[in-house]
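Please read the points below alongside the sequence and the coordinates.

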Amino acid sequence: MPTPDGRTSIAIAIATSVALAIDEPTPRGIAAGIARLITSGDLAPGDRLPTVRVLAAELGVSPATVSHAWQTLSGAGLIVSRGRSGSVIRSAPREWLPLRYRSLDDPLSARLDLSRGTPDPELLPDLRPAMARIARHAGTASTQPTSYLDKPDIPELHDLLRDTWPSAVESITVTNGALDAIDRTLARLVRFGDRVIVENPTFPPFMDLIEHYCLEPIGVDLDEQGMRPDDFAAALASRPALILLQPRAHNPTGISMSAARAEQLAAILARNRHAERTIVLEDDHSGAIADASDVSLARWLPDRVLHVRSFSKTHGPDLRIGALGGPRALVDRIVAHRLLGPGWTSRMTQAVLYDLLTDPASVAVVAAARAAYTERQRSFSIAMAAEGVSIPVGDGLNAWLPVANERAAIVQLASAGIRVAPGTPFTLAPSGGTLTAVRAGAQSDVAPHVRVTVGLVRTDMESIAGALAAASRA
């Protein structure tokens with residue numbers, strides 16, 4: 001019998017120590033023994049378990065017996081299967097994360113992490129020159145308020161935002177990013193039990209916020225131009241207080257709403273007797289890196305649309321800055337609400353953003369980033385088509401990959417060192433779940449998908465597409 005190599009010796013040693021904690025060599029007994037080791041801390045998050053065959057040999061049982069125990073532990077959320085890489089102890093959820101963020105959080109390392117939906121750091125403008133220029137003017141009247149009741153926005157940024165807004169707007173205010181604006185809007189403009197129309201799929205934190213404010217979400221499915229008009233009209237029969245949508249570079253699908261579709265939805269909303277007071281809240285989170293033209297329903301419904309623009313994905317996530325614009329009567333209520341909390345967004349941060357938006361070098365970097373993301377989306381669609389998987393050319397950072405089985409796809413990709421985001425947190429639950437989806441008045445049935453952050457794929461697109469295509473069929 002050949003002498004085992006070092007790796008095999010370690011695996012057998014781990015299997016032996018695990019076997020000592022198992023009182024009964026049945027699926028239930030094996031699972032209970034492993035669970036006790038996890039509870040006691042003898043097995044820590046990220047520890048790799050022995051393979052099914054090695055532990056089965058140590059216990060003198062069939063591999064099927066151990067496999068059933070592993071399924072029990074996985075179902076209980078105690079271990080995570082990584083395919084050929086084996087199974088590991090799952091890390092405890094980070095309680096400070098909102099519910100659906102936890103569903104996307106996975107601390108285990110991967111060769112290529114395409115799960116985060118974040119911009120490529122190499123395509124962001126350098127903040128240091130802007131901060132150095134602003135530092136020379138620190139303490140001037142534009143960056144230092146003389147009263148807590150001063151106007152919250154610096155004039156030069158306010159004027160620039162107004163000049164570049166997608167439609168004529170009565171009032172604009174700066175916020176701490178897009179989600180801050182959306183959170184404040186929900187807190188002030190909707191009430192307990194109100195219905196909110198959202199796209200299906202949608203950005204998971206939207207659903208966390210909707211549940212936080214005890215609202216009832218109504219999901220509307222998408223086609224290649226945005227919300228389906230017939231489904232949108234059917235959803236309006238529920239008398240929604242608010243419609244929350246992403247006009248460009250939709251997360252997770254990469255869809256950008258066409259101007260024709262925006263006009264169509266605005267017309268449906270304008271003539272619907274069930275939605276005479278319904279407010280539209282638009283999250284333009286990718287702004288200057290989206291390839292599609294700027295579009296807003298405010299062009300046709302200026303008195304009932306709030307448009308949010310974020311600069312996190314274009315200029316830096318840690319800037320935490322965005323803007324909210326719309327009818328003065330609505331924006332003023334949100335500004336008043338913010339004065340009871342953070343008060344305003346730091347004028348120093350506003351000055352940095354203004355510098356980035358006007359400095360020629362920074363403007364060129366953002367333009368180059370937009371071109372790079374557009375090319376990566378195009379290359380991804382072509383590479384997937386070569387593998388027999390049809391994916392429309394998306395916009396922004398993400399792509400929505402249909403799969404035969406979500407879990408099988410994630411496990412197979414993990415074994416190849418690639419991490420993607422599960423699709424379930426993005427989709428509204430079918431009938432009987434927490435959330436309701438509308439499709440021409442019936443329950444929607446969104447097929448399994450995973451989200452792939454294509455914007456982070458700098459090289460080797462063909463081999464990555466091959467791995468994704470194989471996983472989609474798993």
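1. For accessibility, buried means under 20% relative accessible area, exposed means over 50%, and partly exposed is in between, with a 1.4 Å probe and protein chains only. The model is predicted, so local features need pLDDT of at least 70 and side-chain atom pairs count only at pLDDT 80 or more, whereas totals for chains, interfaces and linings use all residues. Residues are numbered from 1 along each chain as its sequence is written, and side-chain values use heavy atoms, with hydrogens and water left out.

2. A salt bridge is taken here as a side-chain nitrogen of Lys or Arg within 4 Å of a carboxyl oxygen of Asp or Glu, and by this rule the count comes to 19 salt bridges. Helices are DSSP runs (H or I, at least four residues), as are strands (E, at least two), and they are numbered from the N terminus.

3. One of these salt bridges joins D355 to R133, with the closest N and O atoms 2.6 Å apart. D355 lies in helix α14 (residues 347-358) and R133 in helix α6 (residues 127-135), so the pair ties together parts that are 222 residues apart in sequence. D355 is buried, at 12% relative accessible area, while R133 is partly exposed, at 26%.

4. R36 also forms a salt bridge, in this case with D23, and the closest N and O atoms are 3.5 Å apart. R36 belongs to helix α2 (residues 27-40), whereas D23 sits in the loop between α1 (6-20) and α2, 13 residues apart. R36 counts as partly exposed at 42% relative accessibility, and D23 is exposed, with a relative accessible area of 66%.

5. Within helix α15 (residues 360-386), R378 and E375 are three residues apart, about one turn of the helix, and their side chains meet in a salt bridge of 2.7 Å, N to O. R378 is partly exposed at 39% relative accessibility, as is E375 at 35%. Elsewhere, salt bridges that share partners join D120, E122, R376 and R458 into one network.

6. How do helices α8 and α13 cross? The axes of α8 (residues 178-189) and α13 (residues 328-339), which are lines fitted to C-alpha atoms over the stretch in contact, come within 9 Å and cross at roughly 105°, on a scale of 0 to 180 degrees between N-to-C directions. The two helices are therefore roughly perpendicular to each other, a class that spans 65 to 115 degrees. In contact (heavy atoms within 4.5 Å) are residues including D180, R184 and R188 of α8 and R333, H337 and R338 of α13.

Methods:
Angles under 35 degrees count as roughly parallel, over 145 as roughly antiparallel, 65 to 115 as roughly perpendicular and the rest as oblique.
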